[in-house]
Amino acid sequence: MLGLVLLLPPAARAAEACAPWPGEPAPLPGAKSPDPLLAGWARARARELGALAKSLESVRPLDARRLWGHVLCLAPGDSAAQEGLVRTTPVRVVRPAVVSGLRPAADVAPAAAPLAEQVEAPIVVSTPVPRPAGGAPDLAALDADLRYAERLLRAARFEDGLRAAERVTQAASAAGEGTAARTRLARASVLRATAELALGRDAAAQQSLGRALEAEPTLSLDPATTSPKVLRALEAARAARGGGP
Amino acid sequence: MRRARLRATRGALALAGLLAACVRPHSAPPPARLSVEVLGGAARVLPAPGPAALVVLVDQGESMRQRLDGGPSRAAAARDGAARLLRAAPPGTELAVRVLAGDGLCDAGTVLPAGDPELLARTVSQLEPRSSSSLPAALDAVRLGLRDSEQAARTRVVAFTDLDARCGGDLCAAAAALVGAGSALDLVVLGGHPAPSCLAGIEASQGPPGFLAHAAPPPAFQVEAEGGPEAQVLAEGQAGGSVLELPPGPARIALGLEPPLVLGPFDLASGTLTRVRVVDLPRLGPAGRAWHVETAPAEPATP
């Protein structure tokens, strides 16, 4: 099909590209059609397809490209469609800048930019963060992993969130007995419990919250940002340990 | 006998006259004619586009050991770029990673076991360069692994590579086949190897995406007489269908759109064609609806 398209003369290719789609009037009217109703339809159709294309770019880039191409048939010169076609080029060759950086590999905040833009971003090649003297734990890496687990839970990806929280729990447990490490261990245990409660594993959640209270006996959670189910489970775990609320 | 015959003749003449009065064309006014067209758009509700799918190819072939301007190696840049991309994928993205580091046989690389983004990113971060795999073969393998055109349309393939061609293969053919299947391809090139110019000429197929490939059936409409105590349906039809002939008089047209649209009353005049054209793009809301009514002398009906 692709070969056939490339063999056609430019005029035939343009005609094929601008053939009406199912349900559209034939021949396909444009925004400058002498018939005001057809011109109005073409403008509205271009708006409709442009909005669809924009919403599909990150999920179905080449479907979005077909839509942008058709928008240009309906509204020749439409700048949004021209930009959309550039963004949805089928094969892109990207040569991003590569720089060295001193930061833990996990400490990259999730960016909101679409994947197509992420691909073009500079690559930061991480070199290991020197561990603080005395073998102190890498708290920055722990915090990054905690943020990642929280992000999964906010996205309702409870199985993934549980696995991520389990990894942080192990890392925090191995990070020593210092206050900072214990705070992270408590936080990771609460995240584990949150995922376990969401998955209906209440007994496991109680154990996780027990570990959280062991690490930080005065642990309290913000009622404004914590689910009542987790709050109730924490108080139950505290009561089971014999501590007051 | 003669009188009886006369009576019969008179009766026959009267009946003939009555019949003639009924069928005589000039005795009734010509009908009104009506055509209804709807210029539509996409349906208000379309199928969900499904989750995006990201396939990351990480080249860890022999040539990736080279350093980039004295800095990190190409392999390190590929690892960290791929890991960052995996972590940046929006939640719900279907992820797959193929490592191009074979056993010296220029194979299509190896697929990492599925996992969450963090696990995949950490695994990628620990890769080391080995022998070269073939990028064209890897692209072919990705394409052949796509379940169907629906999955292909959701898939973006991103290859972190130096475009080293020691394994041979036709990169442009593999890229064109992948694009032909419906997937987008990004080549993140590390190092100064030029990209084949034929890549720029690869174009995706045209025509409507699958979810717009079938037009909705034209809406039905009813013509109702205006003015009577009860709505009297004069005719029913489908937009875009044949021209209707109707008794002249005021009427309304009820179109089965979502939400329904009632136009009129119009005076459907004898011997005229009333052409009703409606623009209806439901995804644009009220702004997507307009109509136009025009009349013209009706051409005589073709026998």
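Colleague: How does the span of helix H7 (residues 139-154) of chain A compare with what 1.5 Å a residue predicts?

Modeller: Bear in mind that this is a predicted model. The expected span is 1.5 Å times one less than the number of residues. For the 16 residues of H7(A) that should come to 22 Å, and the end C-alpha atoms are 22 Å apart, so the two agree.

Colleague: And what are the length and span of H9(A)?

Modeller: H9(A) has 20 residues and reaches 29 Å from its first C-alpha to its last, close to the expected 28 Å.

Colleague: Back to H7(A): which of its residues are buried?

Modeller: A general idea to start with: an α-helix has 3.6 residues a turn, so residues three or four places apart point the same way. In H7(A) the buried list includes A:Leu142, A:Leu146, A:Ala149 and A:Leu153. Also on that list are A:Ala141, A:Asp145, A:Tyr148 and A:Leu152, and A:Asp143, A:Ala144 and A:Arg151 complete it.

Colleague: What covers those buried residues?

Modeller: Both chains contribute. From chain A, the cover includes helix H8 (158-173) and helix H9 (179-198); from chain B, it includes helix H2 (74-88) and helix H3 (117-125).

Colleague: Let's take the H9(A) neighbour. At what angle do the axes of H7(A) and H9(A) cross?

Modeller: At roughly 15°, and the axes come within 11 Å. Angles under 35 degrees count as roughly parallel, so H7(A) is roughly parallel to H9(A). The crossing is left-handed. On the H7(A) side, the contact is made by A:Leu139, A:Leu142, A:Asp143, A:Leu146, A:Ala149, A:Glu150 and A:Leu153. H9(A) brings residues including A:Arg184, A:Arg187, A:Ala188 and A:Leu191. By class, the contact has ten nonpolar, one polar and four charged residues.

Colleague: How do H10(A) and H11(A) pack?

Modeller: Helix H10 (residues 202-215) and helix H11 (residues 228-240) of chain A pack at about 65°, with their axes 9 Å apart. That makes H10(A) roughly perpendicular to H11(A). The crossing here is right-handed. H10(A) makes the contact through A:Gln206, A:Leu209, A:Gly210 and A:Leu213, while the H11(A) residues include A:Val230, A:Ala233 and A:Arg238. Those contact residues divide into seven nonpolar, two polar and one charged.

Colleague: Is B:Leu163 buried or exposed?

Modeller: Under 20% relative accessible area means buried, so B:Leu163, at 8%, counts as buried.

Colleague: Which peptide bonds are cis?

Modeller: One runs from A:Ala26 to A:Pro27, with omega near -5°. A:Pro27 lies in the loop between helix H2 (10-17) and helix H3 (36-56) of chain A. Another joins B:Glu258 and B:Pro259, with omega about -5°. B:Pro259 belongs to the loop between strand S10 (249-255) and strand S11 (261-268) of chain B.

Colleague: How many helices and strands does chain B have?

Modeller: Chain B has six helices and 13 strands. Of its 303 residues, 43% count as buried.

Methods. Residues are numbered from 1 along each chain as its sequence is written. Chains are lettered from A and ligands numbered from 1 in the order in which they are written. This is a predicted model: local features need pLDDT of at least 70, side-chain atom pairs count only at pLDDT 80 or more; totals for chains, interfaces and linings use all residues. Side-chain values use heavy atoms; hydrogens and water are left out. Helices (H or I, at least four residues) and strands (E, at least two) are DSSP runs, numbered from the N terminus. Buried means under 20% relative accessible area, exposed over 50%, partly exposed in between (1.4 Å probe, protein chains only). Contact means heavy atoms within 4.5 Å. Axes are lines fitted to C-alpha atoms, for helices over the stretch in contact, and angles run from 0 to 180 degrees between N-to-C directions. Angles under 35 degrees count as roughly parallel, over 145 as roughly antiparallel, 65 to 115 as roughly perpendicular and the rest as oblique. A crossing is left-handed if the near helix is turned anticlockwise from the far one by less than a right angle, and right-handed if clockwise. Ala, Val, Leu, Ile, Met, Phe, Trp, Tyr, Cys and Pro count as nonpolar, Asp, Glu, Lys and Arg as charged, and the others, Gly among them, as polar.
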